[in-house]
Amino acid sequence: MKILYISEFSPGSTAPMRMRALERAGHEVVRMDAKPFWPTNSLLFKIVFRILVGPHVRRLNQEILRVAREIKPDCFWADKVMALQPSTLKKLRSMGITTVSYMIDNPFGPRKDPGWRLYMKDIPYFDLHCTQRDVSIPEYKKRGAGDVVKIQTAYEQTIHFPPPAGWSDKDRNREVSFIGTPYDQRAEVLTELAKAGIPLVISGSERSWKRALAPEIFEKVYREGELKDDAYREGVWRSKVNISFLTKSNQDEFTQKSFEIAGCGGFLLAERSKGHTDRFAEGEEAVFFDGIEEMKQQILRYLNDEPARERIAAAGCRRARESGYDNDSQMRLITDRVAAIHKSSK
């Protein structure tokens, strides 16, 4: 299948990982980067992102149609593309191209991010929507979606893989580790851990964490900046306990970080949810918590028990591999559905 794949490509983003999986499956993938079409001025970017009109939006849509006419793909795959116009999707359909929306975020959730205006109008004009949330499926249907498939975010096996043989606590210089963003109440929870004397390390956007944490806490726990790709994997390897939070404001059932930690062979301490407990056996393949008190208890229980952590981490990594929590398996679910839609439209 020839796929025109459009997203915003930047270091550490997950779209290139999904593209790689499609290429490994034998598909011909033509990459189109939406990022250069946004204004470079930060103030103008914020304005255009909110209103989604003007020359930047127009140029993007014109270029999509130009490339589609030139390469004649079977499938147009939009990976969180916010500036698509419904008229563009209609024209792609009229050219016999199957249109797919892969949306990692939740346009219907309580977080109320800006930038969804055009996407909401696009919904009826995609042939397939890919979402990771049960709660989103009726919302898509209500707004005119034809076909919706539930997938899960996944780990990328070329980046997220276990450490070399013999790796142990002597190689780990991060005791209790969180690598990510301060969504929801994460800053408050992690501040409580730090105040309780838990040896915590946080990595991520320096600007975001400086704003989220009190100065004395930031100085105490923050280090190493943003960890992406190889540095992210090695950060997991170097951590005795890897924390994974749900983004509740996005109505997450599970989180990609959990699959990445497991894929890296890390010890996973994740927020308890049905999405997580359905995918990892509690206490055997991962450890879960509800609230800060249980979180502290689990950390204190496992932090100095290297054999238990090694056993659980190895079992979690095996489960992730055998149960298809990788990009190749998840992309195959989508392309099988796309192939059926494309065939039925002929």
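Biologist: How many residues of the lining of the second largest cavity are nonpolar, how many are polar and how many are charged?

Modeller: In this predicted model, the lining of the second largest cavity divides into six nonpolar residues, one polar residue and two charged residues. The residues concerned are Ser-7, Glu-8, Ala-34, Trp-38, Leu-60, Lys-80, Val-81, Met-82 and Ala-83, and the space that they line amounts to about 40 Å³.

Biologist: What makes this space a cavity, and how many cavities of 30 Å³ or more are there?

Modeller: A cavity is a space where a 1.4 Å probe fits but cannot get out, and by this rule the count comes to two cavities of 30 Å³ or more. The largest cavity holds about 90 Å³ of space.

Biologist: Which elements supply at least two residues each of the lining of the largest cavity, and which one gives the most?

Modeller: Helix 10 (230–237), strand 9 (239–244) and helix 14 (306–322) each supply at least two residues, and helix 14 gives the most, with four residues. The lining of the largest cavity divides into four nonpolar, three polar and five charged residues, and it includes Arg-172, Glu-306, Arg-309 and Glu-310. These four residues also belong, together with Asp-169, to a network of salt bridges.

Biologist: Which residues touch the most other members of the largest nonpolar core?

Modeller: Ile-6, Leu-60, Ile-64, Phe-76, Leu-84, Leu-92 and Tyr-140 do, in a core that counts 34 residues. Among the elements that supply at least two residues of this core are strand 1 (2–7), helix 3 (55–71) and strand 3 (75–79), and helix 3 gives the most, with seven residues. Leu-60, leaving aside its neighbours within four places in sequence, is in contact with Ile-6, Met-32, Ala-34, Phe-37, Val-81 and Ala-83. A second, separate core of 29 residues includes Val-176, Leu-193, Phe-245 and Ala-313. In soluble globular proteins, nonpolar side chains tend to be buried together.

Biologist: Why is the pair of Asp-79 and Arg-18 called a salt bridge?

Modeller: The closest N and O atoms of Asp-79 and Arg-18 are 2.8 Å apart, and the cut-off is a side-chain nitrogen of Lys or Arg within 4 Å of a carboxyl oxygen of Asp or Glu, so the pair qualifies. Asp-79 lies in strand 3 and Arg-18 in helix 1 (residues 15–24), 61 residues apart, and both residues are buried. The structure holds 34 salt bridges.

Biologist: What does the salt bridge between Arg-24 and Asp-328 tie together, and are these residues buried or partly exposed?

Modeller: The side chains of Arg-24 and Asp-328 meet at 2.6 Å, N to O, and because Arg-24 lies in helix 1 and Asp-328 in helix 15 (residues 327–344), the pair ties together parts that are 304 residues apart in sequence.

Biologist: Why does Arg-238 count as buried, and where is its place?

Modeller: The relative accessibility of Arg-238 is 18%, and buried means under 20%, so Arg-238 falls on the buried side of the cut-off. Its place is in the loop between helix 10 and strand 9. Not counting residues up to four places away in sequence, Arg-238 touches Trp-167, Asp-171, Arg-172, Asn-173, Arg-174 and Glu-224. The C-alpha atoms of Arg-238 and Pro-163, which are 75 residues apart along the chain, are separated by 9.3 Å.

Note on methods: Residues are numbered from 1 along each chain as its sequence is written. This is a predicted model: local features need pLDDT of at least 70, side-chain atom pairs count only at pLDDT 80 or more; totals for chains, interfaces and linings use all residues. Side-chain values use heavy atoms; hydrogens and water are left out. On a 1 Å grid over the protein atoms alone, a cavity is a set of points where a 1.4 Å probe fits but cannot get out, and a pocket is an open set with protein on both sides within 12 Å along at least five of seven lines; lining residues have an atom within 4 Å of a point. Grid points are joined across faces, edges and corners, and a volume is the space filled by probe spheres set on the points. Ala, Val, Leu, Ile, Met, Phe, Trp, Tyr, Cys and Pro count as nonpolar, Asp, Glu, Lys and Arg as charged, and the others, Gly among them, as polar. A nonpolar core is a set of buried Ala, Val, Leu, Ile, Met, Phe, Trp, Tyr and Cys residues joined through side-chain atoms within 4.5 Å. Buried means under 20% relative accessible area, exposed over 50%, partly exposed in between (1.4 Å probe, protein chains only). Contact means heavy atoms within 4.5 Å.
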